[in-house]
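User: Hi! I'd like to go through this structure with you, a bit at a time. Can you take my questions as they come?

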Amino acid sequence: MNKPHTHHDHCHCTDPGCPCCAAHRSESLPNHPDEACCTREDSSGDPGGDDPDPAVCSCGHHHSHTHDGCSCGHDDGEGCSCGHDHGDAIQAPGSRAATLLGAALGIGALLLGNDVSPWLMAVGVLLIGYPLFLEGIRGFLSGQAFDELGLLTVAVAASLVLATVSADPLEGMLEAMAVTAFFRLGNILEARAVAKSQRDIEALTNIRPDTALLLSPDGERRTVPAETVLPGSRILIRPGDRIPIDCEVLEGGGYLDLSAITGEPLPVSVGPGSRIPSGGISTDGLLTCRTVSSFEDSTASRIIRLVRDSTSQKGRAERFITRFSRIYTPAVVGVAAVIALLPPLLGQGSFSNWISRALVFLVASCPCALVISVPLTFFAGVGAASRAGVLVKGTRFLETLARADCAAFDKTGTLTLGVPAVAQFVTAPGFSAEQLLPLAAAAEQNSNHPAARAIREYAGAPAPEPVTSLTEHPGMGVSLMVGDRHLLCGSARLLRQSGVDLSPLPDANVLLAVDGRAAGAFVLADRPRPEAKEALAALRQLGIERIAMLTGDAEPPARETAEALGIDTVFAGLLPQDKPERLQMLRQQGRVTLFVGDGINDAPVLAQADVGIAMGLGTDTAIESADVVLVQEKLTALPAAIRIARRTVGKARQNIVFALGIKLTVLLLGAAGQATMWMAVFADVGVSILAILNSLTLLRRAASR
C-alpha cells in the first residue's frame, strides 16, 4: 500500500503518478463547486481549523487518503472498531515459513502423543499465529485493548495457560491451535474477498486513458497527457485504443465497443460525422477525430465522478450500521466484563471458567460482518447498475428506488424520440401521393427544420425538375417553382395569406399547395420510443402501481401517446413550474415517486422527486438535478435499475439478519458456557467472509448479463 499523503492547501497534487490526485485536479476545474476548496477555514477563519474531520474541506473531497483505499464505502472514522484493515491479510516477516513450521510441529505433536506433544503444539500455535499476536499486542499498546486481535491474543494465551494445569494439556493446546489456524485462514480469505471487490469496483472507473495521440497541423503524432488536449484538437484513435475525450470522427470508420459506457454489448458502427464518447474502444478502425469537449467534461470523466461520488450519499441501512457499531461494541465489552466478574464473585464458579466464557463472548461479538458487508453490498449495487448503463449518484438512492411504487415521465425526448415523423399524409381531390411526394421532397430538400427532415424521410427522392424562385417565409414555410409548377409548403397561415382555399384539407402541421390549389397535408407526430411500451409493462410487473405523464404538449397528442403506451394518468399543457405541483399531488398519496426527464425544463421536478432520473448524458442541468442517469437513453434500463436496487436491499437485509442471528446465537451460547472458541471465531471471521461473498454476487450477476 502506498504511503498516505495529505493535500493541505490546494487540490493540485504535484505527484504525476497519483491517480486519485488526478481526479481531484479534474474536479477542481471547471465544475468544482468551490474554487478555493482546500483552504478549509473554520468559523474563526483559521485554515485547517478544528474541523471534526480535518481530511475533509468544504467541497466535500477527502484530501487525506491512501491510493489503495477501501472501495466498499467503509470510510475512515466509521470502521467496525475491530482494529485491523480488512483489505489486507495480516503478515509479518517470515510468517509464511513460520506458518509451515508451526503446522509441521502441530502434526508432529498429534503423531507423537507423548509428554512432549503439548509443548510442541504450543510452539506451533505461536509460530502460526505470531503475526496476529503481534498486531494484538500493538493494539494493546496503542489503547485498542478490545479489538478482535487483542481479544484473540488474550484468548489464546488464556487457553495455553489453562491447558498447562488441565488433566489433558494436549486437548487444551489443540483447541488453541485450531482457533489460531482458523482465524489466520479466515483473515487471509476475508482479505482476498475484499481485495477482489475493490478490483471489480475500481474496474468500473478504469475507463479513461491518461494519454491521447495528438495530431499536429503538419501531421506529426505526439503522445500527450489527455488532460492537456483542448477542444477542437485533432487526435488519432488506433484499433484497440480507448477513446480519451469526446470527439467527432473526421476520417475513417469501424466499430466501437461502448459496453463500459452504455452497458450495450453489441459494437456500434461509426464513420465521418459520428460523435463518439470517451471510454469506448475502437475495435477495428483507424479514426481521425476532432475533440468536442475538454478531458474533464468528457463522458468518461463525468461517469467516473458520478461513480466515485456515489459512496458519499449513504443510505439508511449504512447509517444505521455505523451508529449500531458505535453503541454495540462498548455494550458487549461491558456485558463481557459482567460475565467474567459477577458470577465468580457470587460464588457461581471459578474465575478461569467465567473469564474463558467472556473471551468467547467478546471474540464472537466483533461487528465486522455488518460494518464491512452492508456498505460493500450497496456499493456493489452501484457497480452492478453502472454495468447495466445506469449511474446512481448515491447508495441512498438505491434504497428509495427499491421502494418506488409510482413513476412519472416527461413526454418529449423521454417517452418519445423527440423527433417528429409523418403519421399521416392526406391528398385533396384531384391529386395523388405519387404526384405530390416528390414535389414536397423538393420543397424541403434544403431545410434543416425537424418537420422538413421528417417530410424528406417520408417522401423519398425529390422531383427531378429544377428548383427556382425559392423564398423563405420565416416561421411559415417556403414558396418555390419546381419546373413550371408553383408550390407553397408550410403552415396554414402561409397558404391563407396566398389566398389558397384550405377546405379540401384537414388541420395539419404542414400543408402543400400546387399552382394555388390545396393539394396535400402532412400530419406530424412525435413517435414513442421503440422500447417504451415494453419498459412500462416491465414497471407494472415490478409493482409500479401508477404511471403518469407530465408534459407541456397539448392534450390531444399527449392523450394519443398515453393510450399507445398504456399510461393511466396524463397532465398536459404544463409549464415548467407546473410539473413540480403535479408531482407533489402524486407524492401526497403516500407514494414513493420517480420522475424521468431529459430537458433543462425538467430540472425542478427532477430535484423534487423521491428519485429524479435523467435520460442520457446530454443535458448538464438535468444530470446535475437528477439522482440517477440512464446512460443508454433506453427506458428498459429503468426496470433493470429497480431490479438491481431491490436485489441490493435484499442482500443487505440478508447479511444483517444472517450476521446478527449467528452472532446472537453464539453470544448466548458463550455466556452459558456452551460455545467454544471455534464457534466464536466462525461468528466473526466466518460470517464476515460469507456476508462479503453474498454481497459480491451482485457484481457477478451484473457481469453475466
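User: Great, let's start with L502. Where is L502 found?

Analyst: L502 is in the loop between helix 15 (492–497) and strand 18 (510–514). Bear in mind as we go that this is a predicted model.

User: Is L502 buried or exposed?

Analyst: L502 has a relative accessibility of 13%, and under 20% counts as buried, so L502 is buried.

User: And what is L502 in contact with, leaving aside its neighbours within four places in sequence?

Analyst: With those neighbours set aside, the contacts of L502 are A492, L495, R496, L511 and A518.

User: How far apart are L502 and A513?

Analyst: From C-alpha to C-alpha, L502 and A513 are 9.2 Å apart in space, and they are 11 residues apart in sequence.

User: OK, switching to aromatics. How many aromatic pairs does the structure hold?

Analyst: There are three aromatic pairs in the structure. Take Y458 and F522: their ring centres are 6.5 Å apart and their planes stand at 90°, so this pair is edge-to-face.

User: Which parts does that pair tie together?

Analyst: Y458 belongs to helix 14 (residues 450–459) and F522 to strand 19 (residues 517–528), so the pair links parts that are 64 residues apart in sequence.

User: Which aromatic cluster do they belong to?

Analyst: Y458 and F522 form one aromatic cluster together with F425.

User: Nice. On to helices: how do helix 9 and helix 21 pack?

Analyst: Helix 9 (residues 351–365) and helix 21 (residues 637–671) pack with their axes 8 Å apart, at an angle of about 175°. Angles over 145 degrees count as roughly antiparallel, so that is how these two helices run relative to each other.

User: Which residues make the contact?

Analyst: Helix 9 brings W354, R357, V360, F361, A364 and S365, and helix 21 brings K663, V666, L667, G670 and A671. The residues of this contact divide into seven nonpolar, two polar and two charged.

User: How do strand 23 and strand 24 pair?

Analyst: Strand 23 (residues 611–615) and strand 24 (residues 628–630) pair in the parallel sense, over three bridges. I613 has V628 in strand 24 as its bridge partner.

User: Last one: is strand 11 mostly covered or uncovered, and which strands pair with it?

Analyst: Strand 11 (residues 287–291) is mostly covered, with four of its five residues buried. Strand 5 (residues 234–237) pairs with strand 11 in the antiparallel sense over four bridges. Strand 6 (residues 247–251) also runs antiparallel to strand 11, and four bridges join the two.

User: And what stands opposite R290?

Analyst: R234 stands opposite R290 of strand 11, and E248 stands opposite R290 as well.

User: Thanks, that helps me find my way around!

Methods. Residues are numbered from 1 along each chain as its sequence is written. This is a predicted model: local features need pLDDT of at least 70, side-chain atom pairs count only at pLDDT 80 or more; totals for chains, interfaces and linings use all residues. Side-chain values use heavy atoms; hydrogens and water are left out. Two strands pair if DSSP finds at least two bridges between them. Axes are lines fitted to C-alpha atoms, for helices over the stretch in contact, and angles run from 0 to 180 degrees between N-to-C directions. Angles under 35 degrees count as roughly parallel, over 145 as roughly antiparallel, 65 to 115 as roughly perpendicular and the rest as oblique. Contact means heavy atoms within 4.5 Å. Ala, Val, Leu, Ile, Met, Phe, Trp, Tyr, Cys and Pro count as nonpolar, Asp, Glu, Lys and Arg as charged, and the others, Gly among them, as polar. Rings of Phe, Tyr and Trp (its six-membered ring) pair if their centres lie within 6.5 Å; planes under 30 degrees apart count as stacked, over 60 as edge-to-face and the rest as tilted. Buried means under 20% relative accessible area, exposed over 50%, partly exposed in between (1.4 Å probe, protein chains only).
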